[in-house]
Amino acid sequence: MAQTEVQVLTARDVPLGGPRAMTVRRTLPQRARTLIGAWCFADHYGPDRVAESGGMDVAPHPHTGLATVSWLFAGEIEHRDSLGTHAFVRPGEINLMTGGHGIAHTEVSTPDTTELHGVQLWVALPEAHRHAPRAFQHHAPRPVRVDGAELRVFLGTLAGDTSPVGTFTPLLGAEVLLDAGASVTLEVDPEFEHGLLVDEGDVRFEGAALKPAELGYAAPGRTALTLVNDSARTARTVLLGGTPFEEEIVMWWNFIGRDHQDVVEAREEWERASDRFGEVPGYPGDRLPAPALPNAVITPRRNPPRA
C-alpha cells in the first residue's frame, strides 16, 4: 500500500451476546483487514440510552489467546473475573484483562448508568505469550494538551506521554479530542501501522475523509500523522497502532488460537466448566453457553500482504 493511501473500513452492526443484547458497531475484524498491529477486534457502541435498551448485561463468558481493553466515553460498567478482580470501567480509565491460557468475566452496566458509550477492543497475544496467566491492569491517564487537541494515552507512547500498562507486543492506544476546525500533526513510530476510529465529528486522517463509526488504516512508514477536524464542534477519535502482527490467527467466538483444534479444545473445556477458565464470583445468573461450532474447519487468517 502506498504511503499516501488510507484504507477506509466501515462498521457493521452486531448484537452483543447475553440476555440483554445491545447493538455494537464492529470495524475489526473484517474481510479487508484482520488486524492493526496486534489489535484484532474493535466494537464501538452508543450513545446508548439504558432506559430504552436495558443496558449491558453480559453473563460469565471465556477468553483465550487475547487481552481485552475497555475504554468508555460515558457510563459505568462493573467488571468481575475469575482472577478474583472486581473493578469498574469508567470514562477515561483503561481496564486491560489478559485472557492468555483462559479467563472468564462478566460485564454489567451499573444501576446509576443512564447512557453507555465507548469502545471494546481486543489484542491478539503472540505465540510466545498466548498461554500467559490471567492478569488485570488499570490506569487513568492524565489529559495531555497539544495545539488543537487533548489526548489520553492509555497504551504506548504519544505526544510525550507513556502509559504504564504493559503489553506483549508494541502498541499504541489513545483517545484524541480534536478542537473544532483544528489540524493536528502527531509524531509516531514509523515501524507502526495505525488506525483511527471516529466516534464524533467529520475527520480527515492523512487526507482521507472519515465519518463517525468509520476507521481509517495507515500503513507503516509514516513518522507523523495529520488529523483534521472539519466539524464546527469537538471531534472524538481513538487512535490505535502497533508493529504489524505477522502471525496467522484463528478467531472464533471469544477464542483466539492458531488452528481449528485450538478453538475446539477451548470450547470443550468451557462447556465442561474446566479449571482452565475458573469461576466468576458474584454474578446472579448462569454462564453463557458456547455456540455450536461451524460445519467446516475454521481456517487461519491474516492481513492482506503489504505492497
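# Exercises on cavities, a helix and a threonine

About 60 Å³ of space lies in the second largest cavity. The model behind these exercises is predicted.

**Exercise 1.** Find which residues line the second largest cavity, and sort them by class.

*Solution.* Start with the lining. Ala 67, Leu 96, Thr 98, Val 123 and Leu 125 belong to it, and so do Leu 155, Gly 166, Thr 167, Phe 168 and Leu 171. Now sort them. Seven are nonpolar, three are polar and none is charged.

**Exercise 2.** Describe the largest cavity: its volume, its lining and the elements that supply the lining.

*Solution.* First, count the cavities. The structure holds two of 30 Å³ or more. Next, take the volume. The largest cavity has about 80 Å³ of space. Then list the lining: Thr 68, Ser 70, Ile 77, His 79, Val 89, Asn 95, Met 97, His 105, Glu 107, Gln 120 and Phe 136. Strands β6 (66–74), β7 (77–81), β9 (94–98) and β10 each give two or more of these residues. Last, sort by class. Four are nonpolar, six are polar and one is charged.

**Exercise 3.** Which residues of α2 are buried, and what do they pack against?

*Solution.* Apply the cut-off: buried means under 20% relative accessible area. His 260, Val 263, Val 264, Ala 266, Arg 267, Glu 269 and Trp 270 are buried. Now look at the spacing. An α-helix has 3.6 residues a turn, so residues three or four places apart point the same way. Finally, find the partners. The buried residues pack against β5 (57–63), β10 (103–109), β25 (250–252) and β26 (255–257).

**Exercise 4.** Inspect both ends of α2.

*Solution.* Begin at the N-terminal end. Asp 259 caps it, with a side-chain oxygen 3.2 Å from the backbone nitrogen of Gln 261. Then move past the helix. Just after α2, Ala 273 takes a positive phi of about 55°.

**Exercise 5.** Is Thr 110 buried or exposed, and which side chains does Thr 110 join by polar contacts?

*Solution.* Locate Thr 110 in the loop between β10 and β11 (115–124). Its relative accessible area is 9%. The cut-off for buried is under 20%, so Thr 110 is buried. Next, take the polar contacts. The side chain of Thr 110 is joined to that of Glu 76 at 3.1 Å, and to that of Thr 113 at 2.8 Å. Now leave aside neighbours within four places in sequence. Thr 110 is then in contact with Glu 76, Ile 77, Glu 78 and Phe 88.

Technical notes. Residues are numbered from 1 along each chain as its sequence is written. This is a predicted model: local features need pLDDT of at least 70, side-chain atom pairs count only at pLDDT 80 or more; totals for chains, interfaces and linings use all residues. Side-chain values use heavy atoms; hydrogens and water are left out. Buried means under 20% relative accessible area, exposed over 50%, partly exposed in between (1.4 Å probe, protein chains only). Helices (H or I, at least four residues) and strands (E, at least two) are DSSP runs, numbered from the N terminus. Contact means heavy atoms within 4.5 Å. A polar contact is a pair of N or O atoms within 3.5 Å; within protein, one must be able to donate a hydrogen and the other to accept it, and residues adjacent in sequence count only if both atoms are side-chain atoms. On a 1 Å grid over the protein atoms alone, a cavity is a set of points where a 1.4 Å probe fits but cannot get out, and a pocket is an open set with protein on both sides within 12 Å along at least five of seven lines; lining residues have an atom within 4 Å of a point. Grid points are joined across faces, edges and corners, and a volume is the space filled by probe spheres set on the points. Ala, Val, Leu, Ile, Met, Phe, Trp, Tyr, Cys and Pro count as nonpolar, Asp, Glu, Lys and Arg as charged, and the others, Gly among them, as polar.
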